[in-house]
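Take a look at the fold below. We will walk through some strands, a helix and a few charged pairs.

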Amino acid sequence: MANLLGWPTLVITTVACASFVICCTWLLPRRWTHKVFIALSRFWSRCWLWSSGMDWKFEGEAPAGGAVYVANHASWLDIPALILALPPTVRFAAKDSLFRIPLFGAALRAGGFLPVNREDRSRARDTFASGREHLAEGGSVLFFPEGTRTYDGALLPFQRGAFLMALKSRLPVVPVGVEGSFRGLPRTSWSLVPTSIVVRIGEALEAEDYGLRERRRLVADAHAAVTELAGLEAPPS
């Protein structure tokens, strides 16, 4: 039943919500379009999780003000769970290939998602600049610093981009762990398995306690925090 309901619901709600958001970009001011996007993205998230037989709950509180969030990425189910768990001021950094999907990509742009291209440095700089601009306006940005979904559920090494943005913006890094999504839909499978997904928001790591010269320590501390929050085993030292 999870697969019979979950996948059709994903397709139908994605097309319907993306089409409505795109129409809003033609008719409404940008700030109202973003509000519509937030409301519909939360509706989309609940529909897909519910129709797929997933339970979800959240632990911890997001800090007030802007921050750079870093989360593990074990499954496509991470996206709807995080959309529901995090404040509406958080914009996601996503791989640029998603922005080339018809309708879906245009909706992501309308919602302020940030395209990440790790092979083209000029585009990477544009993403970095857009992210810092959003942070300067009091918003927040979420990164998946592993850069891709894990194949076996273990946490991959973190890339430094999110942490450089936090340090240069002098904003905290907030570790987030998602537990259960890998069981629900691992990268190696197309079969949805009903399970419980828990999103845990950890204590903020203040940029002032590190500085650019100690970014490796910041990356290591964030990796350890996300590992614990996601209910994963720490790698051998």
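Trp56 has Ile197 in strand E7 as its bridge partner. Here strands (E, at least two residues) and helices (H or I, at least four residues) are DSSP runs, numbered from the N terminus. Strand E1 (residues 55-59) runs parallel to E7, and five bridges join them. Two strands pair if DSSP finds at least two bridges between them. This is a predicted model: local features need pLDDT of at least 70, side-chain atom pairs count only at pLDDT 80 or more, and totals for chains, interfaces and linings use all residues. Residues are numbered from 1 along each chain as its sequence is written, and side-chain values use heavy atoms, leaving out hydrogens and water.

E7 has another neighbour. Strand E6 (residues 173-179) pairs with E7 in the antiparallel sense, over four bridges.

How many of the six residues of E7 (residues 196-201) are buried? Five are, so the strand is largely enclosed by the rest of the structure. Buried means under 20% relative accessible area, exposed over 50%, and partly exposed in between (1.4 Å probe, protein chains only). Helix H3 (residues 78-85) is also largely enclosed, because seven of its eight residues are buried.

Now the charges. A salt bridge is a side-chain nitrogen of Lys or Arg within 4 Å of a carboxyl oxygen of Asp or Glu. The whole structure has five. In one of them, Glu179 meets Arg200, with the closest N and O atoms 2.6 Å apart. Glu179 lies in strand E6 and Arg200 in strand E7, so the pair ties together parts 21 residues apart in sequence. Glu179 is partly exposed, at 22% relative accessible area.
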